[in-house]
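The following paragraphs lead through selected features of the structure shown here. The reader may wish to keep the display open while following them.

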Amino acid sequence: MHGRLKLRPPDAARRRQREEKLRLYGRPWTPYWGRGRPPAQVLSLTGSVLAANPDVGTCWNLRRRALDALGGDWVPGELAFVASCLGVNPKSYGAWHHRAWLLGHARAPPAGREDRALCERLLTSDPRNFHAWEHRRALVSREDPDSELAFAGDLLSRDFSNFSAWHHRLRLLLPAGNLPPDRLKAELELVQNAVFTDPTDQSAWVYLRCILSRATPPPRIICVYVNREDATLAVVFSRPVVVTPDRPDLTATLDGSALEGAWRSGEGRPRPSHTWLLDLPRPAEAPPTEQRPRLHLGVTWEPDSAHRQVTLLPDQDEAWWQEPIVARELFWPEVGVADPQVLREQVETCRELLELEPRSRGCLLTLSLLLSALDPLGHAHEARQHLQHLKEADPLRLGFVADAASRLEAALGVLGLGAGPGPLWLRLPEKALTSLPLAERLVLVTHLDLSGNLLRSLPRNLGALRCLQELDLSRNRMSDLGPFPPLPRLERLRLDGNPISHAPALAPLAACPRLARLGLAETPLSSAPDGPAQLAQLLPLVDVAWT
Amino acid sequence: MADNLPSEFEVVVLGTGLPESIVAAACARSGQRVLHVDSRNYYGGNWASFSFSGLLSWIKENQQKTDLGDECEDWKKLILEDEEAIPLSRKDKTIQHVEDFCFGDQDSAEGVEEAGALPKLPVLGASGAKGVSLESEKECPAVESPCLEPESREPELGTEPVGATEGNGAGTTSGTESSPGESTLEVGQTEAAPSETPTQEPKKITYSQIVREGRRFNIDLVSKLLFSRGLLIDLLIKSNVSRYAEFKNATRILAFREGKVEQVPCSRADVFNSRQLTMVEKRMLMKFLTFCLDYEQHPEEYQDHESSTFAQFLQTRKLTPSLQHFILHSIAMVSETESRTLEGLQATKKFLQCLGRYGNTPFLFPLYGQGEIPQCFCRLCAVFGGIYCLRHPVRCLVVDKASGRCKAIVDHFGQRISANYFIVEDSYLSESTCTNVCYRQISRAVLITDQSVLNTDAEQQVSILTVPPVELGKPAVCVIELCSSTMTCMKDTYLVHLTCPSTQTAREDLEPVVQKLFNVNAEKETENEELEKPRVLWAVYFNMRDSSGVEKNSYSGLPPNVYVCSGPDSALGNDCAVKQAETIFKEMFPAEEFCPPPPNPEDIIYDEDEIEPEESGLSNPAETKPEPSAEGSSDGGAAAVTKEE
């Protein structure tokens with residue numbers, strides 16, 4: 001036909017390109033390995049491969065070897081080469097690694113301007129290039145943060161849904177410790193702009209929670225408990241720690257002289273744990289009450305040189321030291337660095353937004369956390385309500401919300417606890433708990449009622465409950481006990497109405513020395529043919545109530 | 001030289017406006033032989049852009065209402081007995097009421113010449129133009145502009161691949177897998193272009209400077225922007241015509257409220273960065289805009305207001321007055337009194353959907369002016385063999401009495417050129433053909449000013465501003481302000497286009513708006529407020545005929561194979577022209593694809609003989625694989641094979 005264009009088959013051009021590429025890759029690699037090759041030749045050979053595909057790690061390695069052998073200042077040229085490779089694949093691990101290596105090797109470290117410009121260029125085209133972010137962070141770590149803040153701010157002004165840019169800001173601001181009030185105010189304003197513009201975007205909410213928070217404090221001793229009958233000293237920490245038996249950071253003294261013996265974890269395994277136990281020397285024969293010695297115990301935690309003392313009088317069976325509870329620490333460890341006035345302002349802003357957007361999940365969560373941090377008992381009702389709405393608004397994260405609600409309930413329970421001596425009850429029935437946080441704060445609790453909740457397992461740090469005598473877990477979701485720690489004083493345990501169907505699931509209970517009664521009514525195990533018999537074998541001393 | 005023009009074509013297109021050019025390109029692309037002529041000496045018809053001096057001569061031409069007396073009727077001899085002639089109009093009557101004003105010292109500009117002007121191109125003056133143009137045409141060949149010559153097709157394509165494969169390499173190879181358009185349409189980043197030195201105090205630009213720098217101006221007769229998800233952008237991408245043009249994002253949307261110009265936050269980033277909105281306003285605005293994006297999914301939100309106007313609907317949405325103003329006039333850009341809720345929602349949705357494709361506003365502007373776009377399509381047409389002739393008036397259409405179809409045209413040389421299909425721009429039709437047609441008018445004003453209507457830190461801004469009507473029943477005025485980096489005006493000036501559907505003459509329609517926004521008192525020192533406003537250096541008003549929306553059957557006596565393209569419409573986008581072109585093309589060639597992507601230049605076979613070795617090579621890939629050593633000479637090798645054969 002006249003005037004029609006004649007074309008090669010449509011894929012011909014592409015195929016030719018691919019063939020050319022394949023030919024390059026398919027070239028035998030042996031020449032590169034030759035040790036005797038002059039470095040310049042290795043550089044040009046690897047250069048041609050890497051320019052086409054910067055992900056050939058072998059070539060980068062060969063290149064580094066060749067560069068080491070090469071004299072002269074090759075850093076600038078090599079930096080330019082890496083930049084061109086990053087143009088081919090901006091997320092090439094090999095190229096970024098090579099660049100970092102180069103900067104480490106430069107005799108006079110080049111001013112980071114070019115590298116920053118490179119990062120800026122790459123981050124403008126792809127704000128999520130984590131390699132570029134990491135590189136940039138390394139570059140600017142020692143510099144004035146203001147220009148970097150402006151840079152992150154500029155990226156945010158283009159699109160504030162940029163977790164990396166928020167994070168960059170946070171990293172720049174936080175090392176300064178507590179933010180000066182005017183800076184904090186500016187940041188909060190930025191966040192407000194973002195959350196009011198788009199409350200569904202979580203990045204700004206996350207940043208808001210972070211900027212109001214502080215670095216998690218280092219672990220410290222919150223409770224020292226000694227029991228004469230058990231002849232055990234228990235030290236409970238705010239966060240899990242490791243105490244190595246041969247070189248412990250934790251030392252104890254009895255009447256001034258160091259106590260020998262190995263610390264063991266309250267969880268029954270040598271891992272980071274809230275509770276650490278030490279056996280006291282036990283007199284061969286228990287003396288009558290009036291002749292019992294007065295025990296003076298001291299505990300020292302090396303990392304913060306804290307020294308705690310407990311004195312056990314002759315007429316006492318137990319003694320303890322406990323840190324007074326700071327309410328807002330219980331709720332959300334991260335929120336609460338800021339001045340209460342700032343928190344109150346944020347609460348007002350969130351309430352205002354919530355009126356416009358009653359189903360904004362970032363807002364509901366942040367508001368409930370802020371309220372609990374401000375005045376937990378006074379705002380308990382409102383905080384519960386927000387969490388309930390959050391469950392409805394965000395069905396995909398039910399578990400997360402349920403855990404947050406559990407924490408709220410547990411914390412409120414801890415705050416309402418009396419102080420011994422004598423029986424100490426903690427009643428948390430029908431609270432829809434899915435987890436039991438803050439067990440490390442329950443050392444003195446003797447009776448714990450968790451019936452009618454949604455628990456599937458118990459936390460490992462349950463081992464902190466040194467005084468627990470009665471535990472009611474009836475009508476939960478437990479199919480086994482999991483890593484149930486040995487509880488020294490546990491006498492009665494109710495597991496009625498839990499889906500426990502195998503006797504071995506209850507095996508950990510054998511480690512509880514005083515367990516006398518076990519309730520297993522309405523469990524699958526009670527109707528299993530050989531269930532009772534198996535259990536009797538496992539727990540011969542326990543009186544099991546099957547109905 | 002009239003003999004040079006072939007006398008048989010498949011498609012003859014009269015007029016080089018946007019719709020005609022698109023049809024011409026589509027026809028040539030699908031392999032038709034196309035003749036594309038224009039009686040004017042420039043491309044684009046009423047879609048054209050002019051340099052300053054070009055615009056001045058255009059104004060002169062349109063102000064002189066000379067009638068061309070009936071002259072030689074020689075062409076009538078060419079009409080056979082069984083044929084009938086439909087005479088075409090000889091004079092363009094689409095422009096009226098042209099008034100130009102200079103607010104500077106015009107006298108000082110006398111004798112000043114445009115710098116770098118070519119030695120007096122033959123300008124088609126209306127008076128006595130006949131003789132001049134005929135003479136000049138004898139000197140230069142009728143087939144215009146060497147780059148569009150069909151003969152030059154080969155070097156054209158031969159050089160293209162180099163640039164195309166290097167620049168667009170990624171786009172052409174990986175483009176097909178994921179959104180080919182996005183990667184190939186390049187938006188020009190000319191932020192730093194002409195004004196590098198910050199001007200502390202605004203320089204006084206004089207008229208003589210404007211004349212001297214006249215070539216810096218590219219003044220559009222129609223003022224339009226491209227919606228970044230509009231039909232024209234889609235077509236530019238699909239047909240790959242986008243490679244012939246560069247674009248710049250409109251940088252901001254403005255509103256005129258309570259006598260002040262304000263920036264409208266329309267995208268998410270704008271709302272986030274805005275300092276004028278309160279937190280609650282931000283939320284309410286975002287909430288409403290998010291709703292508009294998928295309003296169809298929430299009929300319960302607007303059903304009760306379907307019968308009321310969009311403005312009334314906005315009042316029910318807890319939006320502050322300023323937000324209502326922004327949405328109604330600057331985002332939806334619909335009438336306050338007439339537009340219903342649904343119309344407003346549709347317009348808002350369209351605006352929002354266009355956001356973010358190329359930037360923070362929904363609009364693109366072609367560098368060097370809107371007049372580039374028709375020329376880009378002409379270029380595609382020429383690349384695929386279309387023949388171009390400017391300054392080529394056509395006397396009549398020749399209709400076969402028996403079949404009632406148009407057979408040919410007779411041009412001003414009396415040459416008869418036959419074809420199967422004829423595309424005629426509306427202004428070419430004579431009054432007798434258009435007796436029943438009722439045209440609308442567009443009021444236009446073009447101003448050259450010395451500063452922007454809203455000065456900010458960033459100097460180079462492309463702004464669009466809608467000024468709501470002053471009185472009821474009047475249309476809103478669309479103002480587009482272009483900065484010098486759009487390559488449409490000289491440094492330190494702004495080019496301002498005002499457009500609205502006419503109710504009176506252009507000046508009567510638009511002067512009130514001009515007076516509100518600008519300082520038109522030339523040199524007088526007036527109140528401070530006036531001083532802050534930009535000074536108008538030069539202005540022109542004119543009315544342009546709006547032939548869009550005319551049904552084909554309202555033209556009397558047109559054969560079925562003659563298709564009429566309308567001139568520019570008053571809308572902001574170009575959808576109307578693209579739709580029209582596609583409809584016409586589909587009617588002519590229902591089986592052909594409309595402007596398919598052109599082939600990769602590498603894949604075009606120019607030399608028939610070349611096919612042979614290539615084909616055999618493909619069937620046996622091992623042989624064609626060049627040796628590593630002979631990389632560079634593989635082309636030469638292929639050539640050698642052909643020679644041997």
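In this predicted model, a polar atom of the side chain of B:Ser430 lies 3.3 Å from the backbone oxygen of B:Pro87. B:Ser430 itself is placed in the loop of chain B between β16 (421-425) and β17 (440-449). Its relative accessible area is 10%, and because buried means under 20%, B:Ser430 counts as buried. Apart from residues up to four places away in sequence, B:Ser430 touches B:Pro87, B:Leu88 and B:Ser89.

The chain around this loop may be described next. Chain B has 21 helices and 22 strands. Of its 645 residues, 54% are buried. Among the contacts in chain B with a separation of 6 or more, 76% are between residues 24 or more positions apart.

Most residues other than glycine have a negative phi. B:Cys595, although not a glycine, has a positive phi of about 45°. B:Cys595 is found in the loop between α18 (575-588) and α19 (611-619) of chain B, and this residue is buried, with a relative accessible area of 0%. In chain A, A:Glu522 is likewise not a glycine and has a positive phi of about 55°. The loop that holds A:Glu522 runs between β14 (517-519) and α18 (524-527) of chain A. Is A:Glu522 buried or exposed? Its relative accessibility is 69%, so A:Glu522 counts as exposed.

Chain A also contains A:Phe237, which lies in strand β2 (residues 232-241). A:Phe237 has 0% relative accessibility and therefore counts as buried. Which residues surround A:Phe237, leaving aside its neighbours within four places in sequence? A:Phe237 is in contact with A:Arg220, A:Ile221, A:Ile222, A:Leu250, A:His274, A:Trp276, A:Trp301 and A:Glu440.

Two helix pairs in chain A complete the account. Two packed helices are described by the angle between their axes and the distance between the axes. Helix α16 (residues 380-393) and helix α17 (residues 398-415) of chain A have axes that come within 9 Å and cross at roughly 165°. Because angles over 145 degrees count as roughly antiparallel, α16(A) is roughly antiparallel to α17(A). Their crossing is left-handed. On the α16(A) side, the contact involves A:Ala380, A:Ala383, A:Arg384, A:Leu387, A:Leu390 and A:Lys391; the residues they meet in α17(A) include A:Leu398, A:Val401, A:Leu408, A:Glu409 and A:Leu412. The residues of this contact between α16(A) and α17(A) comprise 11 nonpolar, no polar and three charged.

In the second pair, helix α7 (residues 113-125) and helix α9 (residues 145-158) of chain A pack at an angle of about 15°, and their axes are 12 Å apart. Angles under 35 degrees count as roughly parallel, so α7(A) is roughly parallel to α9(A). The crossing of α7(A) with α9(A) is right-handed. A:Arg116, A:Glu120, A:Leu123 and A:Thr124 in α7(A) contact A:Ser147, A:Glu148, A:Phe151, A:Leu155 and A:Arg158 in α9(A). In the contact of α7(A) with α9(A), three residues are nonpolar, two are polar and four are charged.

Definitions and conventions
Residues numbered from 1 in each chain as written. Chains lettered and ligands numbered in written order. Predicted model: local features only at pLDDT ≥ 70, side-chain atom pairs only at ≥ 80, totals over all residues. Heavy atoms only, no water. Axes fitted to C-alpha atoms, helices over the stretch in contact; angles between N-to-C directions. Helix = DSSP H or I, 4+ residues; strand = E, 2+ residues; numbered from the N terminus. Parallel < 35°, antiparallel > 145°, perpendicular 65-115°, else oblique. Left-handed = near helix turned anticlockwise from the far one by under 90°. Contact = heavy atoms within 4.5 Å. Nonpolar A, V, L, I, M, F, W, Y, C, P; charged D, E, K, R; others polar. Buried < 20%, exposed > 50% of the residue type's maximum accessible area, 1.4 Å probe, protein only. Polar contact = N/O pair within 3.5 Å; in protein donor to acceptor, adjacent residues only side chain to side chain.
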